[in-house]
Amino acid sequence: MAITKKLSSLRGMFSSGNVTARVFERQIRTSPPGASVNRARKFYENLVPSHTLYDVECPDHCFRKFTEDGLFLISFSRNHQELIVYRPSWLTYTSDSDDTLPPLPRRAPRFDSFFTQLYSVNLASANELICKDFFLYFPSHRFGLFATSTAQIHDSAPSPGAVPGVPSIDKITFVLLRLDDGVVLDERVFLHDFVNLAYNMGVFLYDDLLAILSLRYQKIHLLQIRDSGHLVDARAIGYFCREDDELFLNSNTQAMMTTQDKNKQQNREDDAENGLHHTQPNPDNSFLSGIKQRLLSFIFREIWNEESDNTMRVQSLKKKFYFHFQDYVDLIIWKVQFLDRHHLLIKFGSVDGGVGRNADHLPAFFAVYNMETTDIVAFYQNSAEDLYQLFEQFSDHFTVSSSSPFMSFVTSHSNSVHALEQLKYMKNKSNSFSQFVKKMLVSLPFSCQSQSPSPYFDQSLFRFDEKLISAADRHRQSSDNPIKFISRRKPETLKFKIKPGPECGSADGRSKKICSFLFHPHLPLAISIQQTLFMPPSVVNIHFRR
């Protein structure tokens, strides 16, 4: 009986959420296999940002994000010419006060009390600007990938091989930089091209592989990032799919031209004897790209295999393939992501959707492409229920397609019962399941490194209003009310609040304000930035544990 009471009291102590009890529990109890990190993250219920410094004195920079390992804070100068990298530190001070919370020193409301500038590097030159919404991090070697570009030309002149209607950028430069010391390791330049750089939409990083999508020329450039910091071309997928396709076609074209020259010569001799003179047709033919031919072949075979009767096959092909043939031919690649080292998820759609801001209402298709066999292995419409079921059950494979340990704890429908319950609630609330599926699949393929791994966005630990704040790397419309983070543990008490604006509120309530939040991946530290659309100096608040 005494042992039972003792065990009961221990269970009550462990379930209380007290940080001292959790430290004691960690000492005497071993975590189940694979659960040690999840148990450690529960400490964040007790270690939360408890104090806010409003409108801190800081340089007028565009703050981008913390790196996944928390070692660097990335920012850019307001003229979008320089990269400024900071090292997060902590406010340290001593006090003779006997109070449990001694007063902060006078220098506390300063940015350099929490961050130390490591260096400043000029990345852009002449008429180029740094893309402030683009940044990819290579954590194993602490490399950062940045992009600079010239102004976008909407009414660009037609160019051989370019898709009509897609704008052009005279010069896009990708810069690979070592973040420890700011040394530029390698660059890759694209001329008279268009890559969607906003929020990493046109570039995807998977381990040491980099995929850059050229919207203008419909080509997926695959590069490898070497340990030495060099960008090495691995393959280009688009007009050609295999490495030797171009060599084979060129040699075949030369053989055909030789045969045609011989035939022309023979025809001229025969016509001269008969007194005839003919104008030869142009031998140049327009071929579909390799990726488009593989897509059409896959669609044809899928429709062919649906029926066993030849008559029904022909009718089905007429209705489903030949009737929509030109629609399939006109599709362009919108977006691409790695599923693993051998497969790409490719999104196809119309030209308008590829360059427009809001393409949710336009038809779209998804294809899974095997880079080794150069085959399309799956094809779905954006309303396909079977694709949605895969997304619901295995969303980690779409959202966290990387071996980075820091990103494996981002909340998804696959690893969080709370996220799954919220998804099912939205599904039951929707009037049309087909429209719900389209709405959910709009985000595919996911942008690379577009979510914060901060434990405060872990929905198994905290509940918050996702309309106001989330792990997604996006600006939000600012709210005058504080954003509350409530514990999932019973009785679901308020743990901390984040207020993005000034401490006393904005004097001008009519101006539309936007805000962004930068959460450190493992420290109880966050930065909230509020600004109006007319871009006056931003209001920067630092939220930390005091």
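Where is A126 found? The legends below take this residue and a few other spots in turn.

The model is predicted, with local features needing pLDDT of at least 70 and side-chain atom pairs counting only at pLDDT 80 or more, while totals for chains, interfaces and linings use all residues. Residues are numbered from 1 along each chain as its sequence is written, and side-chain values use heavy atoms, leaving out hydrogens and water.

**View A. A126 in its loop.** A126 is found in the loop between strand 5 (115–122) and strand 6 (129–130); strands here are DSSP runs of E, at least two residues, and helices are runs of H or I, at least four residues, numbered from the N terminus. Although not a glycine, A126 has a positive phi of about 55°. Most residues other than glycine have a negative phi. With 77% relative accessibility, A126 counts as exposed (over 50%; buried is under 20%, partly exposed in between, with a 1.4 Å probe and protein chains only).

**View B. D207 between two strands.** The loop joining strand 12 (203–206) and strand 13 (209–214) holds D207. This non-glycine residue, D207, also has a positive phi, about 55°, and at 23% relative accessibility D207 counts as partly exposed.

View C. F462 stands opposite S487 in strand 22.

**View D. Two cis peptide bonds.** L444 and P445 are joined by a cis bond, omega about -15°; K490 and P491 by another, omega about 10°. P491 sits in the loop between strand 22 and strand 23.

How values were computed:
Two strands pair if DSSP finds at least two bridges between them.
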